[in-house]
Amino acid sequence: MTNDAKLQNTVAKKSAPKKRKIASLDKRKARVGWIFVLPFLIGFVLIYLPIIFDSIKFSFFKIVIQQGGGFILEPVGFHNYLYALLEDPDFVQTLVTGMQELAFDIPAIIIFSLFMAVLLNQKMVGRAVFRAIFFIPVILATGLMETVEGQNILGTYMDSANGIDDGSGSSAANDIVSAVDIERLFANMKVGTELMETALTWINNIYDIVNRSGVQMLIFLSALQSISPAIYEACKIDGATAWETFWKITFPMISPMILVNGVYTIVDAFTTQSNSVMMFIKQVKNSGNGNEFSGGGDVISSAMSWMYFLIVIAVISLVALIFSSYVFYQRRD
């Protein structure tokens, strides 16, 4: 090729319009996603991140109040953590009790929400009304209603007004059934006291379980409706029963949502205002409990909060690890 031909070819390439690179659909979705979460990220960096940093810093320091006003921080290492674990008489006990309560509540919430989602997914008259009824507690359990429920104002009023004081510190207005009722029911069944206490706890907590199952129920409903009807038709043709269809088709197909609901329920249960550990930490902060070496309840409550946070992360990681080994993901190839 001669020099003139090369020159003409170069000029033609430069004069030709450049093709715009069109972003793929996944990249455009990713951009929209980042734009959607951008306000949260900005608020987290500017507002929450400094608060988190100060909370961690206070847990390793002692607050010394100055005579002229103000305070200074003196480093004490892990003393606040050791004081909460070894010297505080109530923190560990409250933590163990709270973990035991959640060990019963979380499975009950997931099982109940899955059971109701399967029922509400069936074709029946008034299905939309029943779905709304079960989701109403989620709307009510916010703001003022959550504060009222967390302080147990209604229960206190019922105790003082209509409750029957039997000297045990509890009231017939609060409990649906009593231990005597369960003992009579299980008298001839040779059931141990631990199972009886578990059944009693679940029955008396049914109100709280129903109130905290609305979001999980909605997630399960969306998962059930995403299953193709053709799969169920094939099962009917093959002669599968409803029991076999549930365990062979429905349960594996919604198993990813079981993992999602498990993590959501754990986070919700560990951070609700009615959680005994959260209430105890708040009480320590407001009352200023602590010793002279630590400098008050603020630093002790910070140490307790971060230990509680690490426990929550450990529980979530353990549950996610166990559930993920049984989760079935449908391939859409």
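**Helix packing**

A: Helix α12 (residues 229-237) and helix α13 (residues 242-253) pack at about 165°, with axes 11 Å apart. This is a predicted model, where local features need pLDDT of at least 70, side-chain atom pairs count only at pLDDT 80 or more, and totals for chains, interfaces and linings use all residues. Residues are numbered from 1 along each chain as its sequence is written, and side-chain values use heavy atoms, with hydrogens and water left out.

Q: Is α12 roughly parallel or roughly antiparallel to α13?
A: Roughly antiparallel, a label for angles over 145 degrees.

Q: Which residues make the contact?
A: Ile 231, Tyr 232 and Cys 235 of α12 meet Thr 245, Ile 249, Thr 250 and Met 253 of α13; contact means heavy atoms within 4.5 Å.

Q: How many of them are nonpolar, polar or charged?
A: The contact of α12 with α13 has five nonpolar, two polar and no charged residues.

Q: New topic: at what angle do α4 and α11 pack?
A: Helix α4 (residues 91-120) and helix α11 (residues 214-225) pack at about 45°, their axes 8 Å apart. That makes α4 oblique to α11.

Q: And which residues of α11 are in that contact?
A: Gln 216, Met 217, Phe 220, Leu 221 and Leu 224 of α11, facing α4 residues including Ile 109, Phe 112 and Leu 120.

Q: Where is Gln 122?
A: Gln 122 is in the loop between α4 and α5 (127-140). A polar atom of the Gln 122 side chain lies 3.2 Å from the backbone oxygen of Val 118.

Terms used
Axes fitted to C-alpha atoms, helices over the stretch in contact; angles between N-to-C directions. Helix = DSSP H or I, 4+ residues; strand = E, 2+ residues; numbered from the N terminus. Parallel < 35°, antiparallel > 145°, perpendicular 65-115°, else oblique. Polar contact = N/O pair within 3.5 Å; in protein donor to acceptor, adjacent residues only side chain to side chain. Nonpolar A, V, L, I, M, F, W, Y, C, P; charged D, E, K, R; others polar.
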